[in-house]
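Student: Could we walk through this one together? I'd like to start with how the chains meet and then look inside a single chain.

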Amino acid sequence: MAMLTDAATPNPTTEATASHEPRALARFATTLAHVLSTPLGAIGLALVLLIVLTALLAPTIAPYDPTAINVKNRLADPSLAHLLGTDQLGRDLFSRVILGTRTAMTVALTALATALALALPLGLVAGYGPRWLDGLMVLMFDSISSLPMIMLGLAVVVLIGPGLPTVILVIVLYCVPSYARLVRTQTLSLKSRDFIKAEQAMDAGTPRILFRHLLPNVIGPLLILACLDISTVITLEAGLSFLGLGVKPQIPSWGNILSDGFAVIRKSAVPVVAGGVPLVLATLGFTFFGEALRDALDPRLARERRP
Amino acid sequence: MRKQPALIEADGLSVAVPGRGLPFLRGAPLSILAEVSLAVRPGEIVCLIGESGSGKTTFGRALLGLVRPSSGSIAVDGVALPDFSARSFRALRRQAALLFQDPVSSFNPRQRIGAMMAEPRHIAGVGSTRLADIVALAGQVGLAERFLARFPHALSGGQARRAAVARALSVTPRLIVADEPTAGLDVSVQGGVLNLFLDIREQHDTAFLLITHNLSVVRHIADRIVILYLGRVVESGRAGDVLRSPRHPYTRALLDSEPVPDPARRRAEPPVIGEVPSIARRPTGCEFHTRCPRAQPRCRSEAPVLLDEPGERQVACHFPLPEAVNIPAPGRRMAQS
Amino acid sequence: MLGFILRRTAIAIAILLLVALLLFAMMHMIPGDPTVVALGPRSTPEMREAFRAMMGLDRPVLDQLGLLLVRLAQGDLGLDVWSRRPVLTMVLEVLPYTVALALASFVWALALGLVLGCVAVVHHGKWGDWLIGAVSVSFVAVPSFVVALYSLLIFAVWLNWLPAIGAGEPGDIGAQLRALILPSFAVGLGWVGYISRLVRAAMIEAMGEDYVRTLRAYGVGEGRIIYRYALKQALLAILSVIAIGFGSLLTGSIFAEIVFTRPGLGKMTYDAVISRNFPLVMGTVLVTSALYVTCMILADVLSAWLDPRVRSAI
Amino acid sequence: MKPPVLKPPPVNAPVLDMHNVSVSYGAHVPAVLGVDLTVRPREIVGIIGESGSGKSTLAHSVLGLLPKTARMSGERFMLAGADILKADRTALAALRGPSAAMIFQNPMTAFSPIHSLGRQLTDLLWRDHAQSGAQKRARIVAALAEVGIPDPVGRLDAFPFQLSGGMLQRVAIAAALLMQPALLIADEPTTALDVTMEAQILHLMRSLRERAGVSILIISHHLGVIAEICDRVAVMYAGRIVEEGTVEAIFRDPRHPYTQALFACEPALVPTGVRRLPVIAGEVPRPGGRLCDFAARCAVKAARCLEQAPPWTRSGEFPVHHVRCHGSALSGNVPSGRGS
């Protein structure tokens with residue numbers, strides 16, 4: 001009964017929705033089992049859970065105010081009081097690392113969601129629209145991708161000042177061209193497929209083809225790839241902050257911790273290690289998890305991610 | 001034959017693709033279809049026969065505006081379309097349906113078969129999309145209700161083809177254009193699809209344009225046959241006439257090349273040698289002269305015109321085969337029948 | 001073929017033009033007087049006036065843009081704000097360092113990546129394949145500046161085996177090579193993983209082709225099939241990806257250059273950005289973009305030329 | 001010439017001799033069951049069957065070209081004097097080419113798209129280390145000319161996409177001939193070709209048997225192709241051979257109800273004027289049933305068909321003709337099993 005609810009009957013019957021629920025649940029369960037069946041997938045899932053939980057509970061876990069400066073206790077070695085010691089301003093590194101998780105996740109999820117929301121329509125229009133518009137848009141995408149990221153970072157920082165929104169905007173600017181190009185490529189190849197030709201032969205309007213037939217076929221792969229890209233975005237945020245173009249220096253962020261630690265690397269290795277290890281764990285975790293998820297849902301999507 | 005305006009009539013339809021090279025310095029456009037004229041009357045089954053490279057698939061798509069014709073005209077019920085814009089094709093597309101060579105790929109991979117069957121009704125805004133009515137529609141093509149909940153790739157070749165026919169039927173088209181309707185089907189099921197076409201015609205007076213390379217499969221169902229070679233019509237006529245006494249040497253070669261399932265009737269030599277030339281290098285004169293056993297010097301220099309002959313027959317040949325040639329019918333009567 | 005190259009070049013020039021426009025727009029969107037930003041708040045009005053005249057800032061915006069484009073067409077990137085030296089000269093001075101770093105990273109990454117990819121294919125489905133896969137994906141995932149920081153920490157600070165700063169004295173090849181080791185390790189590590197995965201995927205795809213079955217049906221050995229047929233097809237498939245990758249490597253060595261305080265395009269861009277040295281920013285970014293776009297063209301032309309199917313179609 | 005790798009089989013011994021051979025994918029998915037098949041020197045044997053009948057699996061098993069999950073078993077499986085069942089990977093590789101060569105269904109994908117044809121054909125001659133490049137080249141040109149390719153020297157530098165499907169299938173046949181194989185296996189060799197090209201390729205294969213004395217095992221779903229070229233025919237259904245005999249015996253007097261139904265469906269055999277084509281109702285079952293696989297679709301099944309497996313019975317002295325059916329074996333003459 002459930003099969004016609006997608007398109008044929010505008011108002012799904014109660015019966016149909018009832019049978020829809022367990023199916024989604026079963027699908028989720030099989031996907032999860034698939035992810036857990038590979039060692040890397042299991043490690044990835046564990047790391048992702050650890051990071052997400054830390055981000056959610058960060059203020060509860062952190063023993064100190066991550067921005068509280070204590071000049072007397074600078075660059076203290078790890079101790080029971082300060083699990084990871086303190087940085088050159090005497091701030092508790094453990095608290096900064098924990099709250100840095102929250103910063104990383106906030107930036108990553110917001111930036112990715114925004115980038116996807118922008119890239120989808122742009123890519124669809126480029127792929128399905130007239131050829132001159134496609135050419136123009138691809139030219140734009142190529143131009144932005146050929147700009148060094150630091151240039152984008154600077155422009156935005158100078159325009160709206162440093163801070164969380166700045167980092168997000170830079171990452172969005174950086175990601176949109178590549179996502180949009182992906183959507184465009186997918187749309188182009190779908191456009192020549194028989195089922196779209198069949199829709200045209202049935203005299204389906206452009207909105208129907210775009211939203212009912214192209215979008216669902218494009219969005220699935222895109223979401224999986226976005227999941228894989230979480231670690232790229234986390235790296236971007238840390239990198240921008242490391243260069244001083246990211247979040248404000250006092251805000252706890254892995255990139256800031258690394259930047260501060262780099263300044264004192266000859267005096268103490270603790271800050272660099274403290275900032276780098278969670279960053280590496282996060283990128284590894286999201287990559288392992290994302291790849292396992294992709295293999296479980298759509299193995300044909302294996303697109304290699306550039307370092 | 002009834003004398004009434006054709007349901008659809010293509011007149012001198014040509015399709016060309018741009019040549020290679022830089023803008024402004026391109027080679028001549030490649031002509032895929034050259035002035036093909038073809039009419040389908042209501043309730044008629046016309047078979048368009050051609051080998052690879054004959055442009056038969058392009059013709060089917062051009063007829064519905066999926067490929068833009070470069071010249072010629074298309075008339076529906078005797079009224080010509082003003083131009084080849086999408087708007088002009090609207091009315092035609094509502095009355096015609098296209099069946100693709102690969103039925104599975106003609107369904108959205110993320111929608112269930114049942115939903116896809118209702119798609120034309122949604123687009124046209126006519127007809128019921130209630131489940132019971134879709135089930136009835138599936139029943140018309142002999143597809144059980146349980147298949148409606150499946151995704152396209154979970155159907156067998158025969159089932160997917162029936163589902164595609166059901167989708168086409170959902171808005172009761174007056175014309176169904178079917179590209180290789182039996183491709184990929186086993187001998188034991190392909191008859192079912194063709195019989196289904198006959199049923200549909202009986203019930204709805206639907207006309208069919210069957211596009212295929214396989215003469216033997218459609219010979220039983222065709223009313224009229226049109227033979228394409230390199231994008232040009234070389235012969236057309238009533239199915240019985242063309243099959244019994246082909247006038248064009250190419251038609252003859254096609255008929256003779258079909259291997260006969262009778263070991264006693266093996267051929268000593270292949271009926272025609274060589275291969276279909278590329279459309280990028282069309283031969284001069286009659287384009288079949290490079291392979292024609294009857295070719296004369298004139299065939300090399302002068303292109304034959306497609307001439308009307310008595311009995312709705314058309315042949316494009318300087319030296320057509322005489323009318324009276326009598327090929328024995330390839331069907332061998334089995335002892336029991 | 002010539003037409004194809006011309007078309008690609010036209011697109012590349014269009015991209016560079018667009019980049020120049022974007023940069024120009026960004027600089028004019030930045031709030032405040034660019035003169036004050038560049039010279040600092042303590043500069044005298046006379047200095048500012050002279051600066052404006054020199055940079056052409058006293059003219060209307062469209063004039064400035066026109067002037068910029070004319071100068072760019074002549075290959076003139078303008079003068080550095082501080083040293084008053086031609087930007088082009090400065091960029092060309094540091095360019096060899098960046099190119100050397102990119103090449104060094106690329107060469108070892110490509111070599112190791114190819115080998116790992118082939119080994120993975122030979123062991124397809126066995127534990128060796130799995131191990132290489134896991135290592136490769138980890139290499140890709142780890143941020144390159146963290147690798148740079150940690151290798152600096154371990155090999156330069158703790159072990160003191162290799163220099164932590166600079167690119168070595170000019171003329172001292174040995175020192176220059178030693179100074180190249182850590183940065184190229186940091187930059188190349190991710191690419192090892194990337195290339196090995198690319199090679200593996202492309203070769204497994206190639207090994208599934210029908211023609212491989214033909215070769216097997218004639219008893220042709222697996223080694224010959226892998227190295228003479230599948231590898232060639234795989235390389236063809238990934239060639240353009242790798243060439244574009246080299247382009248992004250040129251622009252992407254900024255972290256290594258900063259961490260190891262190494263002269264180069266990235267470091268120069270960074271310093272120019274931080275000090276609001278706009279002519280220098282414009283110059284470095286344009287040169288970087290030009291390098292990137294050139295690699296893009298090279299990738300397209302190379303893969304078109306090497307693939308007989310494409311070669312005959314264009 | 002190359003040194004003899006294998007002991008030449010005795011004259012007139014079968015080139016291919018299979019007895020009770022089965023192939024399954026994994027442990028539980030049988031594809032071919034208990035097949036007996038022989039191909040004698042200079043003989044052309046056809047296997048006819050619909051999709052899912054296991055005919056392609058059978059063809060690929062001869063050269064050990066099955067996927068890794070495939071398991072082969074049987075009482076006897078000899079190819080040109082070598083035991084396939086006992087052969088390891090190297091031994092199998094040694095058989096491929098000289099003992100049996102294969103041509104595939106789709107000539108367009110049978111060659112590497114980025115290597116020249118000359119390069120690929122030369123690589124197939126990898127065994128002949130002793131020969132110089134020029135010698136190999138001359139052999140290849142001769143083989144290409146033999147299969148009717150115009151300008152064979154020029155084709156050496158051509159790439160596959162520059163040739164038509166028919167031409168490439170000729171090149172594939174030339175490649176097989178270079179091996180001087182005892183057996184040529186052709187898996188649906190004309191299915192991807194136009195009908196005018198199909199006739200030429202079939203004619204070429206037949207003439208090669210006359211000229212080169214090669215034995216051919218041809219797989220097809222097309223009755224016309226089989227009738228055109230074969231000496232003997234085996235009909236496969238659901239992994240089993242259900243009927244086997246000379247081409248005349250099978251085409252004049254099909255005994256198995258499935259064979260009869262298949263012939264009834266063949267459009268070329270349906271009398272002119274009949275508009276509705278017959279079909280076989282129902283679906284092909286998965287291979288591996290213990291009783292008669294066709295019983296569910298059979299128009300003449302008896303109670304016995306649902307109780308015991310049909311025997312493999314000889315159903316005529318001359319021409320030799322075997323059938324796996326209760327009805328035909330006992331009565332010798334069953335009514336037509338043609339479907340609706």
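Student: How many residues does the contact take from chain B and from chain D?
Tutor: Keeping in mind that this is a predicted model, the contact takes 42 residues from chain B and 41 residues from chain D.

Student: And which helices of chain B supply at least two residues each of the side that touches chain D?
Tutor: Those are α6 (187–204), α7 (215–218) and α9 (249–257) of chain B, and the largest share of that side, eight residues, comes from α6(B).

Student: How do the residues of that side divide into nonpolar, polar and charged?
Tutor: The side of chain B that touches chain D divides into 20 nonpolar, 12 polar and 10 charged residues.

Student: OK, now chain A. How many residues does the contact take from chain B and from chain A?
Tutor: That contact takes 29 residues from chain B and 21 residues from chain A. On the side of chain B that touches chain A, α2 (86–95), α3 (113–124) and α4 (131–140) of chain B each supply at least two residues, and α3(B) gives the most, with seven residues.

Student: What does that side have by class?
Tutor: By class, the side of chain B that touches chain A has 14 nonpolar, seven polar and eight charged residues.

Student: Switching to chain C: how many helices and strands does it have?
Tutor: Chain C has 14 helices and zero strands, and its C-alpha atoms fill a box of roughly 85 × 55 × 35 Å, taken along the principal axes. Of the 314 residues of chain C, 41% count as buried, and among the contacts in chain C with a separation of 6 or more, 72% are accounted for by residues 24 or more positions apart.

Student: What does the domain assignment give for chain C?
Tutor: The assignment gives domain 1 (2–73) and domain 2 (87–313) of chain C, with 32 Å separating the centres of the two domains, taken over C-alpha atoms.

Student: How many residues of each domain are in contact with the other?
Tutor: In chain C, 14 residues of domain 1 are in contact with 13 residues of domain 2. On the side of domain 1 that touches domain 2, α1 (2–29) and α2 (34–39) of chain C each supply at least two residues, and α1(C) gives the most, with 11 residues.

Student: And how do the residues of that side of domain 1 divide?
Tutor: The side of domain 1 of chain C that touches domain 2 of chain C divides into 12 nonpolar residues, one polar and one charged.

Methods
Residues numbered from 1 in each chain as written. Chains lettered and ligands numbered in written order. Predicted model: local features only at pLDDT ≥ 70, side-chain atom pairs only at ≥ 80, totals over all residues. Contact = placed C-beta atoms within 7 Å. Helix = DSSP H or I, 4+ residues; strand = E, 2+ residues; numbered from the N terminus. Nonpolar A, V, L, I, M, F, W, Y, C, P; charged D, E, K, R; others polar. Buried ≥ 20, exposed ≤ 12 C-beta atoms within 10 Å, placed from the backbone. Domains from an automatic or database assignment.
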